[in-house]
Amino acid sequence: MSDRVAIIGIGWSGFRPVTPEYSYKELMYEAARRAYSDAGVDPRRDIESFVTVAEDFHEGTSIFDEYTPDQLGAVLKPMHTITGDGLHGLATAYMLIKTGQFSLVAVEGHSKASNLLTPDGVTAYAQDPVLNRPLRMNTHFVGGMEMNRYLYESGSTQEQCAQVVVKNRSNALENPSAPFGADLSVEDILSGPPLSWPLGVRETAEHADGAIVMVLASEEKAKVLSETPVWILGAGWSNDSPGLENRDWSSANYTKNAAKMAYRQAGIYHPYQTIDFAEVSDIYAYKELQSLEELGFFQFGEAGLVTEEGLTHKDGDFPVNVSGGCLGMGNLLDANGLARALEIVLQLRGTAGPRQLEGINVGLAHSWRGVPTASGAVMIMSN
Amino acid sequence: MSDKISTYPGTSLSEKEIRDGKVLSIQDQMPGKFSWDTGIAIGKYLAGLKDGVIFGSYCATCRRTVVPPRTICEWCFQPMDRYIPLEDTGIVNTFSLCYVTWDVRRIKEPETPAVIEIDGASSLHGIMHKLGEVEPQEIKIGMRVKAVWKSAEMRQGAITDILYFKPHEGSH
Amino acid sequence: MSMRKVAVVGAGMTKFVRRALETGKELSWQASSMALQSCEMTMDDVEAVCLGTAPDAFDGVHMNGEYLSDGAGAWRKPYMRSYVGGGTGVFVPIQGWYHVASGLFDVVLVVAEEKMSSYYPHAQGAFLTIFDHTTERALKPNLLWIFALEMNRYMQTYGISKEDIAQVAVKNKRNAADHPSALLGDPNITVEDVLNSEVLAWPVNRLDVSPVSDGAVAIVLAAEHVAKRITDKPVWIEGVGWNLDTAYWTNRDLAYPRYVEYAARMAYDMAGIKEPRKQINIVEPYDPFDYKELHHMEGLLLADRGEAPQMVADGVTQRDGDMPVCPSGGLLGVGNPIAAAGLMKIAELFWQLRGEAGNRQVPGQPTRGLAQAWGDLMQVGTVVIMGR
């Protein structure tokens with residue numbers, strides 16, 4: 001077993017609603033090239049294993065992993081795909097390095113959501129084919145139902161959820177990689193059309209294209225290659241019931257369990273005191289509030305209140321989604337978790353530009369795989 | 001443990017049991033529509049096909065010409081140096097005579113898929129296409145072939161702008 | 001720095017059938033439950049779950065890993081699905097291996113499931129979408145094409161005949177007659193039967209091909225200190241390897257699977273194997289088509305290039321030969337529920353190395369075996385070496 005694992009290289013491309021100038025391969029290449037340059041490695045010579053995250057139906061290609069090696073420099077190397085979120089990919093690389101068998105591993109995730117013309121039709125195919133899909137409901141209904149139950153039990157309000165949108169899309173204005181920056185008011189959000197009541201269209205992240213590549217290294221390699229390694233203190237991931245009939249609608253156990261696992265590895269007992277900032281899933285605005293509570297930063301029902309008070313604002317005590325989150329950067333499908341982790345790395349390196357936070361040492365990235373899943377992952381990092 | 005297991009789970013059904021309604025089933029078809037960005041290299045390839053030209057790309061580091069073209073060389077991971085118009089002739093690297101369609105309908109006259117090494121590309125570099133104007137039994141590995149194109153006005157920038165490859169005598 | 005040792009301590013599998021009554025979740029549960037019972041463990045002992053299943057297009061379920069999760073025992077557990085096309089069945093135990101070897105987990109359940117019969121009218125149709133959407137799919141390619149193209153090239157390069165290759169189908173289908181889960185076991189099949197079966201895509205005949213199937217397999221992996229407590233017969237994972245070649249399959253030599261060689265070399269290095277032909281006692285290479293077994297034996301460096309058919313002709317690869325190959329009956333005989341078929345090979349080695357393979361038992365108390373799978377566009381090799 002190796003000791004610690006660090007992220008030593010990051011690269012990205014796209015982060016726009018459409019990217020017609022590039023094929024998905026060319027989009028991946030640009031991100032990879034930047035990540036390898038950032039890490040100071042030659043993928044053909046140095047990187048020992050590669051991990052991608054992808055789902056076939058997001059790509060429109062079965063066995064999509066076929067098409068991943070060439071543009072990442074991974075031809076004739078140990079490479080595999082995880083059909084999960086980018087944080088699952090990072091956790092996989094983390095495990096590979098911890099076996100002691102590998103010292104440099106690259107992770108890739110991307111979205112070409114603009115090429116998927118029927119996202120709702122495809123997402124409907126993630127519903128149970130016998131029990132749920134024949135009811136022919138747009139899968140956002142799962143978000144609406146969960147939000148309704150969450151508001152009912154926690155006492156959080158629609159205004160508080162709208163406040164998340166205001167904050168994140170305002171944060172996005174400071175992030176050149178966030179196409180959905182905007183100055184909005186709570187009223188602007190709440191006056192939008194409903195998507196699946198109480199969930200509104202304007203509380204839902206729009207899809208975007210983009211690719212992210214990260215290079216992970218063993219402690220030994222990281223110390224040689226990088227002046228600003230970002231250490232992984234803990235990784236956790238978990239599933240809850242995939243069935244809509246028997247899941248606990250008021251909580252997100254997958255997030256709670258994933259956090260518990262990551263905290264145990266990191267030796268963290270008081271997350272709010274130990275962790276300085278977080279990037280959490282906000283595919284739907286309420287998800288940010290729910291996740292902050294499940295991650296143990298706030299008591300159940302408290303996240304909405306502290307959001308209204310500005311605590312999670314970029315100038316607050318506990319900044320959340322300074323990048324703009326999914327609401328600001330877009331829903332990047334399987335790459336969402338990598339986008340969250342990217343912001344943590346940029347911030348911990350002190351290279352986040354105008355949105356740089358001061359005095360930070362530990363950050364947490366969280367991701368959720370979207371409706372109808374009950375699957376999430378957490379990663380804790382420090383500089 | 002295999003020799004200690006008396007029964008293995010799993011229940012076999014026949015098509016008939018479903019057809020007769022003894023086992024219920026649900027049918028559905030996914031509304032999955034895609035519009036894939038061709039990007040730079042494949043965009044060039046398709047534009048070439050529309051003009052009746054097969055493009056490859058050349059890597060000066062590896063001294064290799066590949067087809068279909070790409071923007072990067074997968075061996076050295078450097079950008080490709082240039083696009084090269086290749087011949088529309090080549091040799092059959094391998095072929096098959098296929099008596100079932102992609103959705104498993106039986107056909108009498110076989111489809112004739114082949115990998116064709118394109119003249120002008122490096123050795124063993126080719127594309128998948130079909131053969132035509134030849135008796136299936138006459139096809140041989142190593143046979144020289146030439147593309148048969150759709151007429152210029154019918155071409156639309158797709159791999160099907162080449163109808164098939166036919167036997168071709170003569171040097172390249 | 002020594003690596004944590006990982007053992008297989010339990011295995012279970014369903015029957016492989018053309019069309020199962022059970023759903024994918026139910027098949028996964030059946031295999032998982034059986035694997036846990038075989039080592040007297042329960043879900044409470046399992047710390048994480050790894051799942052393997054091939055394209056979502058078969059099941060007609062997007063994010064199929066999420067859908068299958070509760071059937072595979074992943075409820076409220078760390079769970080991931082790994083994916084390397086047809087190579088997945090031998091990759092998912094590798095995924096389980098790195099879960100344990102990393103030190104993050106001590107007990108991991110590894111499940112592989114395939115429900116191919118859901119696709120109508122025939123699972124083959126789902127394979128159209130594995131081809132490049134822009135440069136190939138418009139030609140309406142069939143999965144059989146790439147096998148036939150590769151087989152033809154292999155035959156031509158080394159002067160191998162269809163008769164040479166058909167012997168593999170005969171051997172494996174005969175071996176499968178002793179497997180209680182097998183779909184196509186036949187103790188009396190002959191080379192003539194194979195050669196006279198319907199021509200699907202010359203040079204491929206129907207009996208050269210493994211059957212589309214439904215089924216699931218599960219194994220339990222444990223760290224050394226746990227494994228020794230659970231059983232006095234742990235089977236160790238001594239080496240793992242995987243490798244992915246370029247996606248541009250028309251730009252490489254189809255006569256030799258170099259990606260399999262690279263994966264094998266990685267596994268041999270890890271296992272400290274210098275002379276694989278002497279040190280490997282049982283081989284379960286991937287045999288979705290009969291020529292693939294030969295192709296893979298060469299890629300695994302267990303036969304010289306073009307020489308694997310001679311080993312079959314000489315009887316070396318029979319169950320009682322010097323190097324038994326596919327004593328389970330392989331995919332050709334037991335069936336090919338894609339990911340499950342690969343993991344079936346791991347289960348077979350587990351049973352063989354423990355001396356529990358019943359009528360299929362390889363004589364001579366074998367101590368080390370190798371399982372291998374292959375997939376994508378003739379592009380990926382996955383290898384696991386197991387020993388007592």
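**Chain contacts and packing in the predicted model**

The contact between chain B and chain C takes 45 residues from chain B and 53 residues from chain C, two residues being in contact if their C-beta atoms, placed from the backbone, lie within 7 Å. This is a predicted model, in which local features need pLDDT of at least 70 and side-chain atom pairs count only at pLDDT 80 or more, while totals for chains, interfaces and linings use all residues. Residues are numbered from 1 along each chain as its sequence is written, and chains are lettered from A and ligands numbered from 1 in the order in which they are written.

On the side of chain B that touches chain C, at least two residues each are supplied by strand 4, strand 5 (97-100), strand 7 and strand 8 of chain B. Helices (H or I, at least four residues) and strands (E, at least two) are DSSP runs, numbered from the N terminus. Strand 8 of chain B gives the largest share of this side, five residues. By class, the side holds 25 nonpolar, 14 polar and six charged residues; here Ala, Val, Leu, Ile, Met, Phe, Trp, Tyr, Cys and Pro count as nonpolar, Asp, Glu, Lys and Arg as charged, and the others, Gly among them, as polar. Strand 5 of chain B runs antiparallel to strand 5 (residues 199-202) of chain C, and two bridges join them; two strands pair if DSSP finds at least two bridges between them. Within strand 5 of chain C, A201(C) is the residue opposite C98(B).

Chain B also contains an open sheet of five antiparallel strands, in the order 8-7-4-9-10. Its edges are strand 8 (126-130) and strand 10 of chain B, each of which pairs on one side only. On average, neighbouring strands of the sheet are turned by 45 degrees against each other, direction ignored. Inside the sheet, strand 4 (residues 89-95) and strand 7 (residues 113-118) of chain B are antiparallel and joined by five bridges, with F95(B) opposite A114(B) in strand 7 of chain B. Across these two strands of chain B lies helix 5 (residues 143-158) of chain C, at about 95 degrees to strand 4 of chain B. Axes are lines fitted to C-alpha atoms, for helices over the stretch in contact, and angles run from 0 to 180 degrees between N-to-C directions.

Turning to chain A, its contact with chain C takes 51 residues from chain C and 52 residues from chain A. The largest share of the chain C side, five residues, comes from strand 3 of chain C, and by class that side has 28 nonpolar, 14 polar and nine charged residues. Two bridges join strand 3 (residues 79-82) of chain A to strand 3 of chain C, the two running antiparallel. There, T81(A) has Y83(C) as its bridge partner.

Within chain A, the axes of helix 6 (residues 158-172) and helix 11 (residues 285-294) come within 7 Å and cross at roughly 100 degrees. Helix 6 of chain A is therefore roughly perpendicular to helix 11 of chain A (angles under 35 degrees count as roughly parallel, over 145 as roughly antiparallel, 65 to 115 as roughly perpendicular and the rest as oblique). Helix 6 of chain A contributes Q160(A), C161(A), A162(A), V164(A) and V165(A) to the contact, and helix 11 of chain A contributes A285(A), Y286(A), E288(A) and L289(A). These residues divide into seven nonpolar, one polar and one charged.
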